[in-house]
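User: I have a model open on my screen and would like to go through it with you. Could we start with a loop and then work our way to the rest?

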Amino acid sequence: MTSALPSADIYYECNLTTDIKPLTTNDYAPMTDDKPIYDITPPISSDIKVWPGDTPSTREVLRDVQRGDASTTSVLHATVHLGAHADAPNHCDADAPSIGECDLDAYLGPCQVIHVHADRGARLLPDSLKTPVVAQRLLIATGAYPNPLEFNRDFAALSPELIESLRHRGVKLIGIDTPSVDPFEAEDLPAHRAALGHGIAILEGLVLDGVPEGMYELIALPLKLIGFEASPVRAILKRTSPQNSLR
Ligand SMILES: [Zn+2]
């Protein structure tokens, strides 16, 4: 993914005029339990809901050891916007890079989880975030899409204004626990365009229930699908210690 964003090395300098504050130990996830990894990926099966009209997940078994074949092979049929997934710049712009051509840096590294209070159907604005943004990767837990097995169209989404303000803070990845960063009925996808058009990576369909606010290491690599406008990801958050750098 092309990006004109500041490098991590000059991140602080570029954001001195924003409300980014120095990290304290309170910015990190509580270290009081022993859960080292949060899997923030919903299970992929025929039960998971996809965007209405999109292709749900099915498995076609071609060969099967249970039928006496020497091995089992199967085919996955599904939209690439399946479960936890990354949107590529060519999702909204035909001339932009596909997911297989995106730089992986945004999908790997220190990441902040913020919980917001989001009414159903709300578009989050810059002042919706009550916790200061301190990292270049940000996952927003809205709680507005509680069950991946039931598609509720009134999920919360992001405003272009919020994405713009995060861009000025040096944010290079935004993730959300709903099927889209835009509201269900927003056909022009302004939040997608505000992010992807400026080199900000998008993760959607995350499961952030039970993940406390704080700092983690994100690992959510898309597949190297050339030409595709999205890819499923296996997204996890690893607990970090306050000694780790922000890069
Ligand atoms: Zn999307």
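User: Is Leu189 buried, exposed or partly exposed, and why?

Analyst: Leu189 is partly exposed, because 18 other C-beta atoms lie within 10 Å. For reference, a residue counts as buried with 20 or more other C-beta atoms within 10 Å of its own, as exposed with 12 or fewer, and as partly exposed in between, the C-beta atoms being placed from the backbone. Leu189 sits in the loop between strand 9 and helix 3, and it has a positive phi of about 50° although it is not a glycine. Most residues other than glycine have a negative phi. Helices (H or I, at least four residues) and strands (E, at least two) are DSSP runs, numbered from the N terminus.

User: And what kind of model is this, and how are the residues numbered?

Analyst: This is a predicted model, in which local features need a pLDDT of at least 70 and side-chain atom pairs count only at pLDDT 80 or more, while totals for chains, interfaces and linings use all residues. Residues are numbered from 1 along each chain as its sequence is written.

User: What pLDDT does the protein average, and where is it below 50?

Analyst: The protein averages a pLDDT (the predictor's confidence in each residue, from 0 to 100) of 88, and 83% of the residues score at least 70. Over residues 1–28 the pLDDT is below 50, and this stretch has 46 contacts in the model beyond near neighbours in sequence. A contact here means that the C-beta atoms of two residues, placed from the backbone, lie within 7 Å.

User: OK, the overall build then: how many helices and strands does the protein have?

Analyst: There are three helices and 13 strands, and buried residues make up 38% of the 247 residues. Among the contacts with a separation of 6 or more, 77% are between residues 24 or more positions apart.

User: In what order do the strands of the open sheet run?

Analyst: Nine strands form the open sheet in the order 1-13-11-5-7-9-10-4-12, with mixed pairing; two strands pair if DSSP finds at least two bridges between them. Strand 1 and strand 12 (230–232) are the edge strands, each pairing on one side only. Strand 4 and strand 12 pair in the antiparallel sense over three bridges, and the bridge partner of His85 in strand 12 is Pro232.

User: What about strand 7, which strands does it pair with?

Analyst: Strand 7 pairs in the parallel sense with strand 5 over four bridges, and with strand 9, also in the parallel sense, over four bridges.

User: Why is strand 7 called largely enclosed?

Analyst: Five of the five residues of strand 7 are buried, so the strand is largely enclosed by the rest of the structure. Arg137, Leu139 and Ala141 point one way, and Leu138 and Ile140 point the other way.

User: Which residues have the most contacts inside the largest nonpolar core?

Analyst: Those are Ala86, Leu138 and Ile174, in a core of 57 residues; such a core is a set of buried Ala, Val, Leu, Ile, Met, Phe, Trp, Tyr and Cys residues joined through C-beta atoms within 7 Å. The elements that give two or more residues to this core include strand 5 (108–115), strand 7 (137–141), helix 2 (160–168) and helix 3 (190–196).

Analyst: In helix 2, Leu162, Ile163 and Leu166 are buried. They cover an arc of only 95° around the axis (the arc of the directions from the helix axis to the C-beta atoms), which puts them on the same side of helix 2. The buried residues of helix 2 pack against strand 6 (123–124), strand 7, strand 8, strand 9 and helix 3. Just after helix 2, Gly170 takes a positive phi of about 85°.
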